[in-house]
Structures are given as structure tokens and as C-alpha cells.
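Let me put the structure up, and then I'll walk you through it.

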Amino acid sequence: MILSKTSINGLFQVKSDTKTRLVTRNKVPGISVYGEQLLSINGEEYRVWDPYRSKYVAAFLSGMKKLPQIQDKKILYLGVSTGTTASHFSDMLNTGIIYGIEFSPKVMRKFFRLAEQRSNLVPILADARKTEEYSSYVFEVDLIYQDVAQPDQATIFGRNAHEFLKRGGHGFLAVKSQSIDVTVEPDEIFSKQMEELEQEFGFEIQQYHSIDPFEKKHAVIIIKKP
Ligand SMILES: C[S@@+](CC[C@H](N)C(=O)[O-])C[C@H]1O[C@@H](n2cnc3c(N)ncnc32)[C@H](O)[C@@H]1O
């Protein structure tokens, strides 16, 4: 197996005879978080990152090579769920921190357990629509990563970015068209979301890409706060 760096710090590529996989170096050796494969390479352990379970790596494989860097960033993660993606972000950080917001107590329980093993994860049980519920725990961040699958996702993002994102900071929004309107063509929905982010909230749209076939009717939008 041959290990090499990618354009994203902390994200590696492993080539074997039969396949190429993306991996992160495991911060908690011996532990697989969501059933992902563990690989031992040059005396270090790596976790295979499944693009069907995570929109960040799906976006990378879909051709969005200029994704926001994760390493050593302060990140507000809206819709962290059980922490599948956040666990790989946690592997990628040396310094930096991930505030994980999730409103379902059932899935949050799992994320709490993950955070007990990984000191750069901060679990916060709260509704991402109610920033006042966590404004005393979250400080200015470099990146907001949002994956909430809600009809008002642009508004949720706008409110959080207004309050917590630094000037020049970035946003990664995973947009599921089916959560907004099943009767409208996905491309039309994505265009409307971008219009709202630009015109109502004043963000600069930097990139936009569909992440089919990893996630049907999903796109990723990258914004910058001027
Ligand atoms: C698609 S899943 C996220 C998967 C996760 N991003 C990952 O890659 O591991 C969406 C999550 O957002 C949560 N969610 C939806 N609306 C929310 C809200 N208003 N506030 C907080 N969490 C929310 C859901 O409970 C669910 O766990």
C-alpha cells in the first residue's frame, strides 16, 4: 500500500493494487467509529473515510478540490449527528476544535461517547435555529459546516454565520433538495439557496457542486463571509 498526501491537510490517499481510498490518521488507535476499515501503514493506523457516509469527502471525490481546510481550524458543525464526519475532522486537527450541535438526544448520546475519547470534540445538545442556546459556549470560528437537511437551511446558516463566523471565514453547506421541495428540480432549488445566501445574507459563493452519485439530489455550496 502506498500512502500519499492530498491537497487537504490531514487527508491522505492510499493506493493498493485494486483500489484507491481516502483515509485519516486514527487519533484513537484500535477504535473504529462507524464500522470503517482500519489500515496499518508504516507503523501508523489510518481510518478509511466512506464517501457514502460523509459529504465532505463526497465533495472532494466529486471534483471540489478547493474545499475549506479542516486542519487546525475552529469549526462550528451544525447537524453533527453521531459524529461520523466529525470523527475524521477530529483526526485531522492538531490544534483547533469542533463544536458539534445536534438537537436529537438519541443520536447525541453516541456523539457524547465519541467526545469522551477525543478532546477536540465539544458536544452541544441544541437546536441550530436557536443560537442563543449555545452562544455562551461557542466562540468565533473559522468554518461553519452545516448538514441539517431542513427546509430553512439557508436561514439557519445565515443566522449562525452572522453570530459566530469570523470575517474571511468559510461555510460548507450540504443541501438536500428533497428537504426543501420534492416537486421542484434540484438545480432550481440549489440556485435559489445560493441567491438567498448571496442577496439576503451577503455571502460570497465560492464553489457549488452536485455530489451525486454519493448522495442523490444533494449539492455542496462553499461560501466566504466578506
Ligand atoms: C444528515 S444528518 C448529519 C450527518 C452528519 N453530518 C455526518 O456526516 O456524520 C442530519 C443531522 O442534523 C440534525 N438536525 C436537523 N435539524 C437540526 C437542527 N435544527 N438543529 C440541530 N440538529 C439538527 C438531525 O438530527 C441529524 O442528526
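I'll go through the sheet, then the core, then the pocket.

First, the ground rules: this is a predicted model, where local features need pLDDT of at least 70 and side-chain atom pairs count only at pLDDT 80 or more, while totals for chains, interfaces and linings use all residues. Residues are numbered from 1 along each chain as its sequence is written, and side-chain values use heavy atoms, with hydrogens and water left out.

Let's start with the sheet. Helices (H or I, at least four residues) and strands (E, at least two) are DSSP runs, numbered from the N terminus. Five strands form an open sheet in the order β1-β2-β3-β5-β4, with antiparallel pairing; two strands pair if DSSP finds at least two bridges between them. At the edges sit β1 (2–5) and β4 (38–41), each pairing on one side only. From one strand to the next the twist averages 40°, with axes taken as lines fitted to C-alpha atoms and angles running from 0 to 180 degrees between N-to-C directions. β4 and β5 (residues 44–48) run antiparallel and are joined by four bridges. I41 stands opposite E44 in β5.

Now the core. The largest nonpolar core has 34 residues, and W49, Y56, L67, I70, F89 and F172 touch the most other members. By nonpolar core I mean a set of buried Ala, Val, Leu, Ile, Met, Phe, Trp, Tyr and Cys residues joined through side-chain atoms within 4.5 Å. Buried is under 20% relative accessible area, exposed over 50%, and partly exposed in between, using a 1.4 Å probe and protein chains only. Which helix gives the most to this core? That is α1, with five residues.

A59 is in helix α1 and is buried, with a relative accessible area of 0%. A59 and I211 are 152 residues apart in sequence, yet 5.8 Å apart in space, C-alpha to C-alpha.

Helix α2 is mostly covered, with nine of its nine residues buried; among them are H88, F89 and D91.

Finally, the largest pocket has a volume of about 350 Å³. A pocket here is an open set of points on a 1 Å grid over the protein atoms alone, where a 1.4 Å probe fits, with protein on both sides within 12 Å along at least five of seven lines; lining residues have an atom within 4 Å of a point. Of the 25 lining residues, G79, V80, S81, E102 and D147 are the closest to the centre. α2 (84–92) and β7 (97–102) each supply at least two residues of the lining.

How values were computed. Grid points are joined across faces, edges and corners, and a volume is the space filled by probe spheres set on the points.
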